[in-house]
Structures are given as C-alpha cells and as structure tokens.
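The following note sets out points for a colleague who is examining this model. It is arranged as numbered paragraphs.

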Amino acid sequence: MADFVRDVMTPGVVAVRPDASLVEAAQLMRAQDVGDVLVTVDEQLIGVLTDRDITLRTVADGVDPLTVSAQAVCTPNPVVIGPDDAVSTAVALMRDHAIRRLPVLADGHPVGMVSLGDLAVAQDPDSALADISRAEPDTWPGGNSV
C-alpha cells in the first residue's frame, strides 16, 4: 500500500490561463481525458475548474461558454496537498471537504493531481471504483466530436 501522495498521484498538470474560455477548457479536458483543469498564472494555482463546474455554473443557466472565463467559474483557492504528505491526509481532506480531486503542489507549484479514483486504486485495488478508474474511457461515435 502506498504511503505518500507522490506514490498515488497522477503526475503532471493540465492547466489553462484565467482568461481561457470554458470552451477552451472543455476541449483541453476532452483532449487530455481529464475531468478538471487547473487555472494558473505563472505556475501559481488560482483555482480548479471541473467539467461539473462548467455544466452547473454556466450551461445549466443557458450562459454561452465561449463568453465566460475559466477564472469566473473555477473554484478559487482550492484545498491542496503536497507530494510528501501521507495518503491518509489526502483521504481526510477529501472527506472533510467533500471533494474528489486535490491539486498536488511542491514549492507552491502544481506538480500533479490526486483523485478519489487514484486513492481507490492504491488503497482498494479490487473495489468497483478502482475498476472504473482503471477502465479505458468511452469514445463518442466518429471520434472525439459530438
């Protein structure tokens, strides 16, 4: 069983500028097969933008996602964790804050993400959540276009 966040996190980050449109962010999520992007300026974390944020905070209200910036919709000042923190700390933070993803910062810079799925694979590899997290993503008929 993994002891540290660095052992379970997904290394690397997918990030957008604060002024990126939600369409740009969603296209990047699709291309990278992720459900969130970090909103950063000069490698400093400003917020986390999820596919759910885009759906509930703009599309559901009929707002044009081309006209809204990532910074306007993201969750600012997100809860974060360090790569040398214990996996148990990540679990506790997710539980306490009811979140599914934690940006991993080293020296104040994003270096990865740890998700509920990452923790499931590491802590209970035979669980349904671990199986789902390891599964290959579905693709839309005809490729990536909808």
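**Note on the pocket and the sheet**

1. The second largest pocket draws at least two lining residues from each of β4, α3 (51-57) and β6 (101-106). Helices (H or I, at least four residues) and strands (E, at least two) are DSSP runs, numbered from the N terminus. The model is predicted: local features need pLDDT of at least 70, side-chain atom pairs count only at pLDDT 80 or more, and totals for chains, interfaces and linings use all residues. Residues are numbered from 1 along each chain as its sequence is written, and side-chain values use heavy atoms, with hydrogens and water left out.

2. Helix α3 provides the largest share of this lining, 5 residues. The lining has 16 residues, and T50, D53, T75, I99 and R100 lie nearest the centre of the pocket. A pocket here is an open set of points on a 1 Å grid over the protein atoms alone, where a 1.4 Å probe fits, with protein on both sides within 12 Å along at least five of seven lines; lining residues have an atom within 4 Å of a point.

3. The space in the second largest pocket is about 440 Å³, a volume being the space filled by probe spheres set on the grid points, which are joined across faces, edges and corners. Its lining comprises 7 nonpolar, 3 polar and 6 charged residues. Ala, Val, Leu, Ile, Met, Phe, Trp, Tyr, Cys and Pro count as nonpolar, Asp, Glu, Lys and Arg as charged, and the others, Gly among them, as polar.

4. The open sheet has 4 strands in the order β2-β3-β4-β5, with mixed pairing; two strands pair if DSSP finds at least two bridges between them. β2 (15-16) and β5 (75-76) are at the edges with a single partner strand each, so one side of each has no neighbour in the sheet.

5. β3 (residues 36-41) pairs with β4 (residues 44-50) in the antiparallel sense over 6 bridges. In β4, G47 is the bridge partner of V39, and V48 is that of L38. The hairpin of these strands has 2 residues between them, and D42 takes a positive phi near 50 degrees.

6. The pairing of β2 with β3 is parallel, over 2 bridges, and V16 stands opposite V39 in β3. Of the 6 residues of β3, 5 are buried, so this strand is largely enclosed by the rest of the structure; buried means under 20% relative accessible area (1.4 Å probe, protein chains only).

Methods. Buried < 20%, exposed > 50% of the residue type's maximum accessible area, 1.4 Å probe, protein only.
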